[in-house]
Amino acid sequence: MGDLAERLTALDERIAGAARSAGRDPAELTRIVVTKFHPSTLVEELYALGVRDVGENRQQEFSEKARATAGLEGLRWHFIGQVQTNKARAVRSAASVVHSVDRGRLADALDAAAEPGDAVLDVLLQVNLTDDPARGGVAPADLEALAEHAAARRTLRVRGVMAVAPLDEAAAAAFERLRGYADTVRSVVPDAHWISAGMTADFAEAITAGATHLRIGSAITGPRPARG
Ligand SMILES: *Cc1c(COP(=O)(O)O)cnc(C)c1O
């Protein structure tokens with residue numbers, strides 16, 4: 001726990017420093033701790049340290065941890081991985097935000113998964129910053145149409161964009177493109193101002209490019225345990 005608290009504090013100081021260097025207020029930033037491959041006890045430790053925003057990228061692990069931590073009041077789960085349409089209900093039922101809406105059919109499935117009394121679900125449109133369709137995300141050319149489609153789903157609220165930096169390009173340049181794609185979405189949904197970008201290796205570049213939501217794993221949690 002001591003080490004975890006230290007890593008969290010150190011990371012938050014680095015985030016605040018990067019924000020100030022970029023002329024931004026650190027208070028505009030939401031730092032999401034990505035807990036993938038770590039047990040739900042880590043989520044409990046993070047919660048005790050004041051963390052309220054946590055993220056997972058695989059549905060089964062997400063559902064298990066969300067169930068195990070259901071008693072932690074005010075904890076918000078961010079789903080940041082690819083979603084199969086047949087898992088839309090499982091994702092919707094436990095997520096506060098889905099960062100990875102990348103196709104109209106997924107927006108439809110998440111919308112159809114709403115049950116009476118469910119809150120409107122915040123969603124981000126994931127944009128592919130590479131030419132490789134396997135990396136996930138909508139191609140930039142299709143983003144505007146996806147924004148229109150998702151914005152028309154009554155139980156979804158489009159809040160902005162999300163992306164992962166390419167492996168073969170400087171993150172700063174890729175995140176500048178993302179800033180432009182965020183403008184594209186705002187041309188459809190004017191108050192969709194969230195930009196989810198930046199991981200352990202590139203959060204400073206993301207902050208410079210206007211990110212509002214950072215998804216940080218290993219800098220806080222330490223190295224991930226080997227996948228089972
Ligand atoms: C794992 C993951 C992160 C966090 O990565 P780190 O490099 O550990 O900070 C962020 N975003 C997504 C989509 C991820 O899958």
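The side chains of Arg89 and Glu115 come together in a salt bridge, with 3.3 Å from N to O; the term stands for a side-chain nitrogen of Lys or Arg within 4 Å of a carboxyl oxygen of Asp or Glu. Arg89 belongs to helix H4 (residues 88-94) and Glu115 to the loop between H5 and S5, so this pair ties together parts that are 26 residues apart in sequence. Helices (H or I, at least four residues) and strands (E, at least two) are DSSP runs numbered from the N terminus. The structure is a predicted model, in which local features need pLDDT of at least 70 and side-chain atom pairs count only at pLDDT 80 or more, while totals for chains, interfaces and linings use all residues. Residues are numbered from 1 along each chain as its sequence is written, and side-chain values use heavy atoms, with hydrogens and water left out.

Arg89 also forms a salt bridge with Asp118, where the closest N and O atoms are 3.0 Å apart. Here too distant parts of the chain are linked, since Asp118 sits in the loop between H5 and S5, 29 residues from Arg89 in helix H4. Arg89, Arg92, Glu115 and Asp118 are joined in a network of salt bridges. Relative accessible areas are 28% for Arg89, 43% for Glu115 and 32% for Asp118, and each of these values counts as partly exposed (between buried, under 20%, and exposed, over 50%; 1.4 Å probe, protein chains only).

Across the whole structure, a search finds 15 salt bridges. One of them pairs Glu61 with Lys65, with the closest N and O atoms 2.8 Å apart. Both residues lie in helix H3 (residues 59-68), 4 residues apart, or about one turn of the helix. Glu61 is buried at 15% relative accessible area, and Lys65 is buried at 5%.

Polar contacts are pairs of N or O atoms within 3.5 Å. An oxygen atom of the ligand is 2.5 Å from a side-chain N or O atom of Thr200, and a polar side-chain atom of Asn57 lies 3.4 Å from a ligand oxygen. A nitrogen atom of the ligand is 2.9 Å from a side-chain N or O atom of Arg215. The protein covers 90% of the 390 Å² of accessible area that the ligand has on its own (Shrake-Rupley method, 1.4 Å probe).

Note on methods
A polar contact is a pair of N or O atoms within 3.5 Å; within protein, one must be able to donate a hydrogen and the other to accept it, and residues adjacent in sequence count only if both atoms are side-chain atoms.
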